[in-house]
Every structure is written in C-alpha cells, then in structure tokens.
Amino acid sequence: MELTFLGTAADSAYPLPFCGCPTCQHARARGGKNIRRRSSVMVNRDLLIDLGPDSIQAMLTSGFDPSQVRFLLQTHPHHDHFDPNHLITRIPDYGGICLAPLTLVASPGTLQRMTTMMQATGFEGDLLQAETQHLLSLQVQPIQAGGSRTLGGYHITAFQANHDHGAESLIYAVQSRGRALLYATDTDTLLEPTLGQLSASGLRFAVVVLDHTYGPGCDGGGHLNADRFRDTVAWLRGADLLEEDARIYATHLSHEGNPEHEELERDAHQHGYLIPWDGLTLQV
Ligand SMILES: [Zn+2]
Ligand SMILES: [Zn+2]
Ligand SMILES: [Zn+2]
C-alpha cells in the first residue's frame, strides 16, 4: 500500500490562524513542512480516510484525482474531519457527470451526525436512507467497533476510539497484500474493549499513524499528548501488534507543545517515532 498524508494538523490547523506564540510565528516564517492542514490520509489512489475541509485541495496539490476515490472511511464527524459541503456536491443539482459510485464506511452515530451537518446547510436527505444514497451515488456501509469489511483489495477493521463517544468515533486498521496500517486519530488512551479487540485481532502493523495533538507537558480532552502517545506505542509493542521494523507517525498536531518541524522531529527520533508532513508518501 501507498500512504500519503494529506493533512497532519489538529482541528485548529498549524500554525493556529491568529496566534502570535513563538511556535506559530516560527512556523509561518519557516513555511514548508511547518504548514499543516487538518488531518486526513490517502491510501493508494482510491481510499480516503476522512473527507475533511482541506482534503480535496490537498489531494489536488499532491496529484490525486478525487473522482477516482472509491472508498471513504470516516473516523468521526468533527468539522476538521468532515466537510458536509464537499459530500453534498455529489447531488445532481451541481451538474456533476459520470460520478463513480463511492462506498462510505462510518459508525451509525457518525452517519447520523454527518446527516445533521448536511441538513444544517439546507440539504434534506438522510445518509441512512436508500433514496439519499442513490441521489449521492453513494453506498453507505455502517460499521460498529470490532466490525470488518472487505472493500475491493482492502480489508478494513474498525475499533472504538476514545473520543466523542456520542458520535461512536472509530479508528481503522487497513490491510492489503499482507501489510497492515493502523490509522488512529482522534483518540485519547485506548480503552479496554479496543485493547482486547486489538490483542485478539492477530494484526501486526507495519505503519501506525497516531494522535499526537499535544506535545510534552500540554494536555486537553479527547486526545493523546506526547507522553500518552509514547505509552500507547509501548503498549502496541508489548502486545506484539507491531512488525519488527514498524514505523510510527505522529499526527493531528496542534501548536500546543508541538514545536516547529525539525525540533519536533529530533524529539520524536529520540523516542523512536516519526513526524510526517503534508504531502509525504510512503510504502506500507
Ligand atoms: Zn480532529
Ligand atoms: Zn501558537
Ligand atoms: Zn475529533
């Protein structure tokens, strides 16, 4: 599999739009890898994880064709991961032609919230109704934590995220050709049901992309900080869920405790993980 980071920032983007802190000032001055979009990733050229507000522009910048996306995995409906307006452009009113069918996988709670967000723009459909799915040329596959699906050449398994439980937020394992990727944002420390399901899954990840919203000494709700990120990686390793040469990437980075790219990279290197940047492509 080929994995491309479309965005690596938290919901506040990076740098924080109007912030004058040294980190944000420095990020603006340095540019390049320090300019981060809201988090989402592409797998190969046909699987998108999270249709966020920056995802389509990032795809175009990286040379992807959004009309070729066949599978959309939605972790949860927060505004930095789901842009209702982009999905709505699939209705005939926008004059799009030859829209290829798109399979949308999300939890029932997330599908409900996505519908509410779409309705807030004046859209009258419901993602769980066949009529709406037909209108959007969309095949919707609700998935529960612990559930799995085969989508084309991919095998997907969903696990519960420790994040906005009302939306039934999920993290995903994506397997293809004997390799496995874990995409795990947004989440705080993984809870017992997830640890149990992961342990029993028989999965061994070649690449893990994990929430690192806050740097060392910083904290907030519903996300990992650097310390709990490292604890989570240690748990994954201890549970034999990582390939010997597994690569661990931090994502969903905010300006709180996460310094500019090179400094963050040096710090991560000391702890055995990696800092991606927007547009980075790697083989899983
Ligand atoms: Zn987020
Ligand atoms: Zn700042
Ligand atoms: Zn979130």
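Which residues coordinate the zinc ion (ligand 1)?

Modeller: This is a predicted model, where local features need pLDDT of at least 70, side-chain atom pairs count only at pLDDT 80 or more, and totals for chains, interfaces and linings use all residues. Residues are numbered from 1 along each chain as its sequence is written, chains are lettered from A and ligands numbered from 1 in the order in which they are written, and side-chain values use heavy atoms, with hydrogens and water left out.

Now the site. Asp 80 (OD), His 81 (NE2), Asp 186 (OD) and His 252 (NE2) coordinate the zinc ion (ligand 1) at 2.1 Å. Donors are N, O and S atoms within 2.8 Å of the metal (3.2 Å for Na, K and Ca); water is not among the atoms, so sites may look incomplete. In sequence, the donor residues follow the spacing D-H-x104-D-x65-H.

Next, the geometry. The four donor atoms subtend angles of 91 to 163 degrees, so the arrangement is irregular. Four donors count as tetrahedral if all angles lie between 85 and 135 degrees; four count as square planar and six as octahedral if opposite donors are over 155 degrees apart and all others between 65 and 115; anything else is irregular.

Asp 80 lies in the loop between strand 4 (71–73) and helix 3 (84–88), and Asp 186 in the loop between strand 10 and helix 6, so the pair ties together parts 106 residues apart in sequence. Helices (H or I, at least four residues) and strands (E, at least two) are DSSP runs, numbered from the N terminus.

Finally, burial. Asp 80 counts as buried, at 2% relative accessibility. Asp 186 is buried too, with a relative accessible area of 2%. Buried means under 20% relative accessible area, exposed over 50%, partly exposed in between (1.4 Å probe, protein chains only).
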